[in-house]
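Let's take a quick tour of a protein, from its nonpolar insides to its aromatic rings. Have the viewer open as you read.

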Amino acid sequence: MGSLDGKTAVVTGGGRGIGRAIALEMARQGADIVVSSRTQAQLDDVVGEVEAIGRRGLAVIADALDREQSKEPVRRALAAFGACDILVNNVGGGAPLRGSQDPFTHDDDVFEANLALNLTSAYWTTREALPHMRESGYGRILTIGSGYAKRSGGALAYSTAKHGLIGFTRALAHDTAAYGITVNCLCPGWTNTALVDWEAMGKAAGISAEEAHAWRASENLQNRVLEPEELGPMAALLASPESAGITGQVISVDGGYKV
(Lines give C-alpha, C1' and ligand atoms only; values in the text may rest on other atoms or scores of the structure.)
Protein backbone atom coordinates (compact mmCIF):
# COMPACT_ATOMS: atom_id res chain seq x y z
CA MET A 1 0.00 0.00 0.00
CA GLY A 2 1.31 3.42 -0.94
CA SER A 3 0.33 6.87 0.27
CA LEU A 4 -1.00 7.77 -3.19
CA ASP A 5 -2.94 4.61 -4.02
CA GLY A 6 -5.86 5.36 -6.32
CA LYS A 7 -4.64 8.87 -7.19
CA THR A 8 -3.73 10.31 -10.58
CA ALA A 9 -0.83 12.75 -10.82
CA VAL A 10 0.04 15.11 -13.66
CA VAL A 11 3.69 16.20 -13.76
CA THR A 12 4.64 18.87 -16.29
CA GLY A 13 8.21 18.94 -17.51
CA GLY A 14 8.27 15.30 -16.43
CA GLY A 15 10.63 13.85 -19.01
CA ARG A 16 13.86 14.36 -17.10
CA GLY A 17 15.48 15.74 -13.98
CA ILE A 18 13.32 16.78 -11.04
CA GLY A 19 10.04 16.18 -12.89
CA ARG A 20 11.03 12.62 -13.75
CA ALA A 21 12.17 11.93 -10.19
CA ILE A 22 8.90 13.23 -8.74
CA ALA A 23 6.80 11.25 -11.24
CA LEU A 24 8.60 8.01 -10.40
CA GLU A 25 8.37 8.53 -6.64
CA MET A 26 4.64 9.19 -6.93
CA ALA A 27 4.28 6.01 -9.00
CA ARG A 28 6.12 4.08 -6.29
CA GLN A 29 3.58 5.48 -3.82
CA GLY A 30 0.72 4.13 -5.95
CA ALA A 31 -0.31 6.96 -8.29
CA ASP A 32 -1.04 6.67 -11.98
CA ILE A 33 1.13 9.19 -13.81
CA VAL A 34 0.71 11.62 -16.70
CA VAL A 35 3.94 13.31 -17.75
CA SER A 36 4.29 16.11 -20.28
CA SER A 37 7.13 17.85 -22.09
CA ARG A 38 8.20 18.57 -25.67
CA THR A 39 10.38 15.45 -26.05
CA GLN A 40 8.62 12.19 -26.87
CA ALA A 41 11.59 9.87 -26.29
CA GLN A 42 12.17 11.15 -22.74
CA LEU A 43 8.49 10.86 -21.89
CA ASP A 44 8.32 7.33 -23.28
CA ASP A 45 11.24 6.33 -21.05
CA VAL A 46 9.49 7.70 -17.97
CA VAL A 47 6.22 5.98 -18.85
CA GLY A 48 8.13 2.72 -19.29
CA GLU A 49 9.60 3.12 -15.82
CA VAL A 50 6.18 3.95 -14.35
CA GLU A 51 4.67 0.84 -15.90
CA ALA A 52 7.59 -1.28 -14.64
CA ILE A 53 6.65 -0.10 -11.13
CA GLY A 54 3.15 -1.41 -11.79
CA ARG A 55 1.24 1.81 -12.36
CA ARG A 56 -0.39 3.27 -15.44
CA GLY A 57 1.51 5.97 -17.31
CA LEU A 58 0.69 8.38 -20.12
CA ALA A 59 3.00 10.64 -22.15
CA VAL A 60 1.64 13.96 -23.44
CA ILE A 61 3.58 16.19 -25.81
CA ALA A 62 2.90 19.79 -24.79
CA ASP A 63 4.66 23.11 -25.25
CA ALA A 64 4.34 25.07 -22.01
CA LEU A 65 4.59 28.35 -23.91
CA ASP A 66 1.27 27.59 -25.61
CA ARG A 67 -1.87 28.24 -23.56
CA GLU A 68 -3.96 25.41 -24.98
CA GLN A 69 -1.13 22.89 -25.00
CA SER A 70 -0.43 23.68 -21.33
CA LYS A 71 -3.93 22.51 -20.50
CA GLU A 72 -3.66 19.29 -22.49
CA PRO A 73 -1.96 17.09 -19.82
CA VAL A 74 -4.90 17.64 -17.45
CA ARG A 75 -7.42 16.98 -20.21
CA ARG A 76 -5.64 13.77 -21.17
CA ALA A 77 -5.46 12.62 -17.54
CA LEU A 78 -9.21 13.06 -17.18
CA ALA A 79 -9.90 11.28 -20.45
CA ALA A 80 -7.56 8.34 -19.77
CA PHE A 81 -7.81 7.88 -16.00
CA GLY A 82 -10.90 9.84 -15.01
CA ALA A 83 -9.15 12.10 -12.53
CA CYS A 84 -6.51 14.72 -11.87
CA ASP A 85 -5.93 14.54 -8.14
CA ILE A 86 -2.37 15.87 -8.09
CA LEU A 87 -0.77 18.53 -10.28
CA VAL A 88 2.95 19.21 -10.20
CA ASN A 89 3.78 22.41 -12.09
CA ASN A 90 7.42 21.51 -12.66
CA VAL A 91 8.07 22.89 -16.13
CA GLY A 92 10.51 25.79 -16.13
CA GLY A 93 14.04 26.93 -16.82
CA GLY A 94 15.21 29.20 -19.59
CA ALA A 95 12.84 29.93 -22.46
CA PRO A 96 14.23 28.93 -25.87
CA LEU A 97 13.89 32.47 -27.25
CA ARG A 98 17.30 34.15 -27.48
CA GLY A 99 18.17 37.77 -26.80
CA SER A 100 19.74 40.05 -24.23
CA GLN A 101 18.97 39.42 -20.55
CA ASP A 102 21.10 42.32 -19.35
CA PRO A 103 18.68 44.52 -17.35
CA PHE A 104 19.88 47.61 -19.25
CA THR A 105 19.30 46.11 -22.71
CA HIS A 106 16.81 43.31 -21.92
CA ASP A 107 14.88 41.94 -24.87
CA ASP A 108 11.16 42.40 -24.15
CA ASP A 109 10.10 39.19 -25.89
CA VAL A 110 12.70 37.17 -23.96
CA PHE A 111 11.44 38.60 -20.67
CA GLU A 112 7.83 37.75 -21.47
CA ALA A 113 8.71 34.26 -22.74
CA ASN A 114 10.54 33.46 -19.50
CA LEU A 115 7.59 34.71 -17.45
CA ALA A 116 5.26 32.53 -19.50
CA LEU A 117 7.42 29.42 -19.13
CA ASN A 118 8.11 29.73 -15.41
CA LEU A 119 4.92 31.35 -14.12
CA THR A 120 2.02 31.80 -16.54
CA SER A 121 2.13 28.19 -17.74
CA ALA A 122 1.54 27.07 -14.15
CA TYR A 123 -1.61 29.18 -14.09
CA TRP A 124 -2.84 27.74 -17.40
CA THR A 125 -2.42 24.13 -16.30
CA THR A 126 -3.80 24.77 -12.82
CA ARG A 127 -6.83 26.58 -14.20
CA GLU A 128 -7.73 23.45 -16.17
CA ALA A 129 -7.38 21.18 -13.13
CA LEU A 130 -9.14 23.24 -10.46
CA PRO A 131 -12.81 22.61 -11.36
CA HIS A 132 -12.23 18.86 -11.35
CA MET A 133 -10.41 18.99 -8.01
CA ARG A 134 -13.22 21.01 -6.48
CA GLU A 135 -15.80 18.55 -7.77
CA SER A 136 -13.94 15.58 -6.31
CA GLY A 137 -13.21 17.34 -3.00
CA TYR A 138 -9.50 16.53 -3.25
CA GLY A 139 -6.60 18.35 -4.85
CA ARG A 140 -2.88 18.67 -4.32
CA ILE A 141 -1.07 21.34 -6.35
CA LEU A 142 2.69 21.72 -6.21
CA THR A 143 4.62 24.50 -7.85
CA ILE A 144 8.36 23.96 -8.25
CA GLY A 145 10.24 27.07 -7.26
CA SER A 146 13.96 27.65 -6.98
CA GLY A 147 16.61 28.97 -4.65
CA TYR A 148 16.04 32.18 -6.61
CA ALA A 149 12.33 32.17 -5.69
CA LYS A 150 13.26 33.67 -2.32
CA ARG A 151 16.36 35.74 -2.99
CA SER A 152 18.25 37.61 -5.69
CA GLY A 153 21.07 36.35 -7.88
CA GLY A 154 19.35 34.70 -10.82
CA ALA A 155 18.47 36.12 -14.22
CA LEU A 156 15.93 38.96 -13.98
CA ALA A 157 12.98 37.28 -15.72
CA TYR A 158 13.62 33.86 -14.15
CA SER A 159 13.87 35.27 -10.62
CA THR A 160 10.81 37.44 -11.17
CA ALA A 161 8.78 34.46 -12.34
CA LYS A 162 9.92 32.20 -9.49
CA HIS A 163 9.11 34.87 -6.91
CA GLY A 164 5.72 35.13 -8.64
CA LEU A 165 5.16 31.40 -8.13
CA ILE A 166 5.29 31.94 -4.37
CA GLY A 167 2.61 34.62 -4.59
CA PHE A 168 0.57 32.39 -6.89
CA THR A 169 0.90 29.51 -4.41
CA ARG A 170 -0.20 31.52 -1.40
CA ALA A 171 -3.08 33.29 -3.14
CA LEU A 172 -4.37 30.04 -4.62
CA ALA A 173 -4.05 28.22 -1.29
CA HIS A 174 -6.23 30.93 0.27
CA ASP A 175 -8.87 30.72 -2.43
CA THR A 176 -9.13 26.91 -2.58
CA ALA A 177 -8.73 25.81 1.04
CA ALA A 178 -12.45 25.30 1.59
CA TYR A 179 -12.62 22.69 -1.18
CA GLY A 180 -10.11 20.12 0.03
CA ILE A 181 -7.34 21.52 -2.17
CA THR A 182 -3.85 22.33 -0.91
CA VAL A 183 -1.23 24.36 -2.75
CA ASN A 184 2.46 24.41 -1.85
CA CYS A 185 5.73 25.51 -3.42
CA LEU A 186 8.67 23.10 -3.34
CA CYS A 187 12.02 24.83 -3.84
CA PRO A 188 15.17 22.99 -4.89
CA GLY A 189 18.61 24.54 -4.71
CA TRP A 190 21.48 23.53 -6.96
CA THR A 191 20.54 20.11 -8.30
CA ASN A 192 22.26 17.84 -10.81
CA THR A 193 19.99 18.12 -13.84
CA ALA A 194 20.48 18.67 -17.56
CA LEU A 195 19.43 22.30 -17.09
CA VAL A 196 22.66 23.03 -15.21
CA ASP A 197 25.60 23.39 -17.61
CA TRP A 198 28.69 23.36 -15.42
CA GLU A 199 30.99 23.94 -18.40
CA ALA A 200 29.12 27.07 -19.46
CA MET A 201 28.86 28.32 -15.89
CA GLY A 202 32.58 27.84 -15.37
CA LYS A 203 33.47 29.49 -18.65
CA ALA A 204 31.36 32.56 -17.78
CA ALA A 205 33.19 32.85 -14.45
CA GLY A 206 36.64 32.09 -15.85
CA ILE A 207 36.95 28.80 -13.97
CA SER A 208 36.69 25.09 -14.76
CA ALA A 209 33.48 23.06 -14.70
CA GLU A 210 34.76 21.26 -11.60
CA GLU A 211 35.41 24.57 -9.87
CA ALA A 212 31.94 25.81 -10.84
CA HIS A 213 30.40 22.69 -9.32
CA ALA A 214 32.39 23.14 -6.10
CA TRP A 215 31.46 26.84 -5.96
CA ARG A 216 27.74 26.10 -6.14
CA ALA A 217 28.04 23.22 -3.69
CA SER A 218 29.66 25.60 -1.19
CA GLU A 219 26.51 27.76 -1.17
CA ASN A 220 24.60 25.31 1.02
CA LEU A 221 25.28 23.98 4.50
CA GLN A 222 25.90 20.44 3.31
CA ASN A 223 28.49 21.58 0.75
CA ARG A 224 27.05 19.48 -2.05
CA VAL A 225 24.83 19.59 -5.13
CA LEU A 226 21.68 17.54 -4.59
CA GLU A 227 20.30 14.81 -6.86
CA PRO A 228 16.80 15.08 -8.41
CA GLU A 229 15.63 11.97 -6.54
CA GLU A 230 15.95 13.84 -3.25
CA LEU A 231 12.95 15.99 -4.18
CA GLY A 232 10.66 13.00 -4.74
CA PRO A 233 9.80 12.03 -1.14
CA MET A 234 8.82 15.56 -0.12
CA ALA A 235 6.71 15.97 -3.26
CA ALA A 236 4.97 12.66 -2.56
CA LEU A 237 4.27 13.71 1.02
CA LEU A 238 2.76 17.02 -0.08
CA ALA A 239 0.57 15.13 -2.58
CA SER A 240 -0.76 12.66 -0.03
CA PRO A 241 -3.98 12.72 2.03
CA GLU A 242 -1.81 12.91 5.14
CA SER A 243 -0.64 16.39 4.10
CA ALA A 244 -4.12 17.93 4.39
CA GLY A 245 -2.90 20.41 7.00
CA ILE A 246 -0.03 21.74 4.88
CA THR A 247 -0.99 24.50 2.48
CA GLY A 248 0.30 27.87 1.34
CA GLN A 249 3.82 26.85 2.32
CA VAL A 250 7.21 27.31 0.68
CA ILE A 251 9.30 24.25 1.47
CA SER A 252 12.94 23.84 0.44
CA VAL A 253 14.87 20.66 -0.27
CA ASP A 254 18.21 22.29 -0.96
CA GLY A 255 20.83 21.19 1.54
CA GLY A 256 20.45 24.47 3.43
CA TYR A 257 20.98 26.84 0.50
CA LYS A 258 22.19 30.28 1.64
CA VAL A 259 20.54 30.06 5.04
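Predicted model: local features only at pLDDT ≥ 70, side-chain atom pairs only at ≥ 80, totals over all residues.

Residues are numbered from 1 along each chain as its sequence is written, and side-chain values use heavy atoms, with hydrogens and water left out.

**The core**
- A nonpolar core is a set of buried Ala, Val, Leu, Ile, Met, Phe, Trp, Tyr and Cys residues joined through side-chain atoms within 4.5 Å; buried means under 20% relative accessible area (1.4 Å probe, protein chains only).
- The largest one has 29 residues, and Ile22 and Met26 are among those touching the most other members.
- Leaving aside neighbours within four places in sequence, Ile22 is in contact with residues including Val88 and Ile144 (heavy atoms within 4.5 Å).
- A second, separate core has 18 residues, including Ala129 and Ile181.

**The rings**
- Rings of Phe, Tyr and Trp (its six-membered ring) pair if their centres lie within 6.5 Å; planes under 30 degrees apart are stacked, over 60 edge-to-face and the rest tilted.
- Tyr148 and Trp190 have ring centres 6.4 Å apart and planes at 90 degrees, so they're edge-to-face.
- Trp190 and Trp198 are tilted, with centres 6.1 Å apart and planes at 45 degrees.
- Together, ring pairs link Tyr148, Trp190 and Trp198 into a cluster.
- Tyr148 and Trp190 are both buried, and Trp198 is buried too, at 14%.

How values were computed: Buried < 20%, exposed > 50% of the residue type's maximum accessible area, 1.4 Å probe, protein only.
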